[in-house]
Every structure is written in C-alpha cells, then in structure tokens.
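Subject: Structure handover and notes

Hello,

Here is the structure for you to look over.

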Amino acid sequence: MKKNIQTKFGTKSSKGERLTYGNCLATCIASILDKQPEMVPNIEVFYMPGDSKKDDPMWLDVLNIWLCNKHSSIIIKTRNVEDLPQRDYFISRGVSPRGTRHCIVTSKTYPAHDPHPSGEGLTEIDYYLYLKKLPIRF
C-alpha cells in the first residue's frame, strides 16, 4: 500500500458554509491501489453539496463506474465491521479530531494510514468502504 498524503483540504466560510472539498477519499483509494491521488477522481467536488456523502448518493455510483472501468473493482459501503474482508485494507469514514468528516485507510487490526498531514485518525466512525475485485470480463 502506498501512503499518499492528501493534497486538497476542505474549507468553510465564517458562516460555516462549505467552500471547498478535500481529497481524503480519493487519496485513500489511491493509496490502496498503489497510485498517486491525482489519478483518482475527486468526486466530492461534483457530488457533495453538503457536509455528508449521504447528501447525494450519486457519488458512490459515479466512483464505482470509474473503478469498474479502470481497476475492475467496485466499492462496497457497510456500517458493519463484520462485513469487511479479513485480509484487505478498507476505508473508514467518520469524524476527525479537527471536527470534520474524514477518511482513513484501515485494516481489521489497526489504522494503516491517515492521509491528512496531522495523521490524527478518527474519533468516531460512520461507515466503512472496501474495494471488491470484479471478475475479469473478455
């Protein structure tokens, strides 16, 4: 696994309105795929009108189309840690110590990599994402 550091960070106005989005999710996916973050689309820019990925469920569909076409994989979302593969890395999504929503790469036994420069991890987890390899089609 490549331990990439995210290159974009979310910002809010003084009124708390979202101005920009970070690329922690894209960076986590790139790390798991052993790629550079700029090689993974930062779908949050287009599909995240609010602070939560549940605001627009299209983000997962769009990301899965890209993953299927480029890496013969899809992302599975689960809230149940028992559903996660034993041997693979996965992404934990939750609240960072900075009070923002954030993604980190994790395994069953330990946090593997926080792409934020602080490396602080998460204080709580909302859900998990894992990449599932698809059968090769000819």
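The model is predicted, so local features need pLDDT of at least 70 and side-chain atom pairs count only at pLDDT 80 or more, while totals for chains, interfaces and linings use all residues. Residues are numbered from 1 along each chain as its sequence is written, and side-chain values use heavy atoms, with hydrogens and water left out.

Salt bridges

A search of the whole structure gives 2 salt bridges (a side-chain nitrogen of Lys or Arg within 4 Å of a carboxyl oxygen of Asp or Glu). In one of them, Arg98 pairs with Glu120, and the closest N and O atoms are 3.1 Å apart. Arg98 sits in the loop between β4 (90-95) and β5 (101-106), and Glu120 in the loop between β6 (111-113) and β7 (124-133), so the pair ties together parts that are 22 residues apart in sequence. Helices (H or I, at least four residues) and strands (E, at least two) are DSSP runs, numbered from the N terminus. Arg98 is partly exposed at 32% relative accessible area. Glu120 is also partly exposed, at 45%. The cut-offs: buried is under 20% relative accessible area, exposed is over 50%, and partly exposed is in between (1.4 Å probe, protein chains only).

Asp126 and Arg101 form a salt bridge too, with the closest N and O atoms 3.1 Å apart. This pair links distant parts of the chain, Asp126 being in strand β7 and Arg101 in strand β5, 25 residues apart. Asp126 is partly exposed at 25%. Arg101 is partly exposed at 36%.

Helix α1

How many of the 10 residues of helix α1 are buried? The count is 10 of the 10 in residues 24-33, so the helix is largely enclosed by the rest of the structure. Among them are Cys24, Leu25, Cys28 and Ile29. Thr27 lies in this helix. Its relative accessible area is 0%, which is buried. Leaving aside neighbours within four places in sequence, Thr27 is in contact with Asn4, Ile5, Gln6, Pro37 and Pro115 (contact means heavy atoms within 4.5 Å).

Second largest pocket

This pocket holds about 180 Å³ of space. On a 1 Å grid over the protein atoms alone, a pocket is an open set of points where a 1.4 Å probe fits, with protein on both sides within 12 Å along at least five of seven lines; lining residues have an atom within 4 Å of a point. The lining is Ile32, Leu33, His71, Ser73, Arg87, Asp88, Tyr89, Leu131, Lys132 and Lys133. Both α1 and β7 supply at least two residues of the lining. β7 gives the most, with 3 residues. By class, the lining has 4 nonpolar, 2 polar and 4 charged residues.

Positive phi angles

Just after α1, Asp34 takes a positive phi of about 60°. Asp34 is a residue other than glycine. Asp34 lies in the loop between α1 and α2 (44-47). Asp34 is partly exposed, at 45% relative accessible area.

Ser72 has a positive phi of about 45°, and Ser72 is not a glycine either. Ser72 is in the loop between α3 (58-71) and β3 (73-78). At 29% relative accessibility, Ser72 is partly exposed.

Best wishes

Note on methods
Points joined across faces, edges and corners; volume = space filled by probe spheres on them. Nonpolar A, V, L, I, M, F, W, Y, C, P; charged D, E, K, R; others polar.
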